[in-house]
Amino acid sequence: MRRDVFQAIADPTRRAILSLIALNAMTPNAIADEFDMSRQAVSKHIRILDECQLIKKEQSGREIYYQFNPKKLKEVDKWLQPFRAMWEDRFNQLDAVLKNIKNKKP
Amino acid sequence: MTTLKETIYSKDEANKKLFAEREFDAPVKDVWRAWTEPQLLDQWWAPRPWKAVTLSMDFKDGGTWLYYMEGPDGTRHYCRADYSSIVPNKSYKGLDCFCDEKGNINTELPRMNWQVSFNESSLGTKVRVELTFDSLEALHKIVEMGFKEGFAMAHNNLDELLAKGLQ
């Protein structure tokens, strides 16, 4: 199964987890407490986020804390690169069309 | 005079939206025409080396634009846009999709909602494009489909830049 950043953020629960821990590092239990679903279900979401490196694990004493890894989200911007390239090209051509309209005017 | 005009891109993942905003050195009424008249749209809509060819266009609320994009190898992608909320020289909405040559919608591929708005600016006109997708998966798929074309275009632009002597 593919594990990429896009897949990770496609799910609303995972987006909610990210916005929770973006503010404060949290333990898996504290995260699970915020959701109305089984701990197992929440830890599956955490695992996916972890595999995509959108979150980082940190050991503090006996507890594991998860924190947000914003660097990884930048990959989404890379994904959008071709999309940008398409619009750049379109807009540059539109510039030329507009110049033509202007020149044709008496 | 040639100036490089910067396009501002932004996104709102939670609402599955992408934005592109750019200024053009022309009055609003000219820019509006370039977006809404088929003989002008055909000149710029397709990213090179593709070209856009309009089959029919009825620019009014509830009207449709049927066109295809043709690649250098003759591959054709048929597309249609259904127009709504047209406010002349101000804004319009469109629902974009892939279809066959008769305009029958391909339901396997994601659709895309557009809103384009035009505003007077110091340079001439500021255009803001807002794209809304049904899901992040749809957004993902559209971007993936754009990869091949995007790659070809990047090279094209580089060629042009090199021809100009990298000013």
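**Exercises: cores and a hairpin**

Of the 15 residues in the largest nonpolar core, those touching the most other members are A:Leu94, A:Val97, A:Leu98, B:Phe24, B:Val31, B:Ala34 and B:Trp44. This is a predicted model, where local features need pLDDT of at least 70, side-chain atom pairs count only at pLDDT 80 or more, and totals for chains, interfaces and linings use all residues. Residues are numbered from 1 along each chain as its sequence is written, with chains lettered from A and ligands numbered from 1 in the order in which they are written.

**Exercise 1.** Find which elements give two or more residues to this core.

*Solution.* Start with the terms: a nonpolar core is a set of buried Ala, Val, Leu, Ile, Met, Phe, Trp, Tyr and Cys residues joined through C-beta atoms within 7 Å. Buried means 20 or more other C-beta atoms within 10 Å of a residue's own, with C-beta atoms placed from the backbone. Helices (H or I, at least four residues) and strands (E, at least two) are DSSP runs, numbered from the N terminus. Now the elements: chain A gives α6 (81-104), and chain B gives α1 (28-36) and α2 (38-44). A separate second core has 14 residues, including A:Met26 and A:Ile55.

**Exercise 2.** Work out whether strand β1 (residues 8-12) of chain B is buried or in the open.

*Solution.* Count first: zero of its five residues are buried, so the strand lies largely in the open. Then look at its partner: β1(B) pairs antiparallel with β2 (residues 17-24) of chain B over five bridges (pairing takes at least two DSSP bridges). Here B:Lys11 sits opposite B:Leu18. Finally, four residues separate the strands of this hairpin, and B:Lys16 has a positive phi near 55°.

Technical notes
Buried ≥ 20, exposed ≤ 12 C-beta atoms within 10 Å, placed from the backbone.
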